[in-house]
Amino acid sequence: MKLIIGVSGASGTNYTLNLLQGLRKQKIETHVIVSEWAEKVFEKENDKKISEITKLATKSYFNKEMDALIASSSFLADGMIIIPASVKTCSEIATAHTGTLITRCADIMLRYKKPLVVCLRETPLSGPCLEQLAVIAKYGGTVFPLAPGFYGKPSKISDLEDFISGKVMDLIGLYNNVYTRWKQ
């Protein structure tokens, strides 16, 4: 399986790191696109360099690399996850504004009816933002708010990150056991 992972400038880049660690364990080929703001946010939130994310990828790209192989619809990706996704990125996807590598790849996923999971971290959401998210969903994308569940009784932050990563893997069709599933 080949996945494109977009990292936009919203808070929550620790989710990206956690997901990429899980995908690497499953030997999934990952093509990671990092926006300039994602780099700044990651370093601010984690006191680490963005290389902590890019070294987990099979291949990494800058968001302005519009000549990258993955910018072509002839690149056969199985799906795309944008984690975290900013409101700006979601708006650009909803309006087919393909001026960055992340939004170009997302547009290709929608055109080819491939899985697109947009993990929105922003809160609260404005009316215009909700309308843009509805457009993404209408055309086949999955809007995934980065809101972890608590039924697994998390005891540390990594438990919450695992919950999100596991749910995202579920959406893309990957078996995983990284989070505690609901039990009665």
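How many salt bridges does a search of the whole structure find? In this predicted model, the search returns six salt bridges. One of them joins the side chains of Glu 36 and Lys 64, with an N to O distance of 3.5 Å. Glu 36 belongs to helix 2, whereas Lys 64 is located in the loop between strand 3 (59–62) and strand 4 (79–85), so the pair ties together parts that are 28 residues apart in sequence. Side chains of opposite charge can pair when their charged atoms come close.

Helix 2 also packs against helix 1 (residues 13–25), at an angle of about 90° and with the two axes 9 Å apart. Because angles of 65 to 115 degrees count as roughly perpendicular, helix 1 is described as roughly perpendicular to helix 2. On the side of helix 1, the contact is formed by Thr 13, Asn 14 and Leu 17, and helix 2 contributes Ala 38, Val 41, Phe 42, Glu 45 and Asn 46. By class, four residues of this contact are nonpolar, three are polar and one is charged.

At least two lining residues come from each of helix 2 (36–46), helix 4 (87–94) and helix 5 (101–111). Helix 4 gives the most to the lining, with three residues. In composition, the lining of the largest pocket divides into eight polar, four charged and two nonpolar residues.

Note on methods:
Residues are numbered from 1 along each chain as its sequence is written. This is a predicted model: local features need pLDDT of at least 70, side-chain atom pairs count only at pLDDT 80 or more; totals for chains, interfaces and linings use all residues. Side-chain values use heavy atoms; hydrogens and water are left out. Helices (H or I, at least four residues) and strands (E, at least two) are DSSP runs, numbered from the N terminus. Ala, Val, Leu, Ile, Met, Phe, Trp, Tyr, Cys and Pro count as nonpolar, Asp, Glu, Lys and Arg as charged, and the others, Gly among them, as polar. Axes are lines fitted to C-alpha atoms, for helices over the stretch in contact, and angles run from 0 to 180 degrees between N-to-C directions. Angles under 35 degrees count as roughly parallel, over 145 as roughly antiparallel, 65 to 115 as roughly perpendicular and the rest as oblique. Contact means heavy atoms within 4.5 Å. A salt bridge is a side-chain nitrogen of Lys or Arg within 4 Å of a carboxyl oxygen of Asp or Glu.
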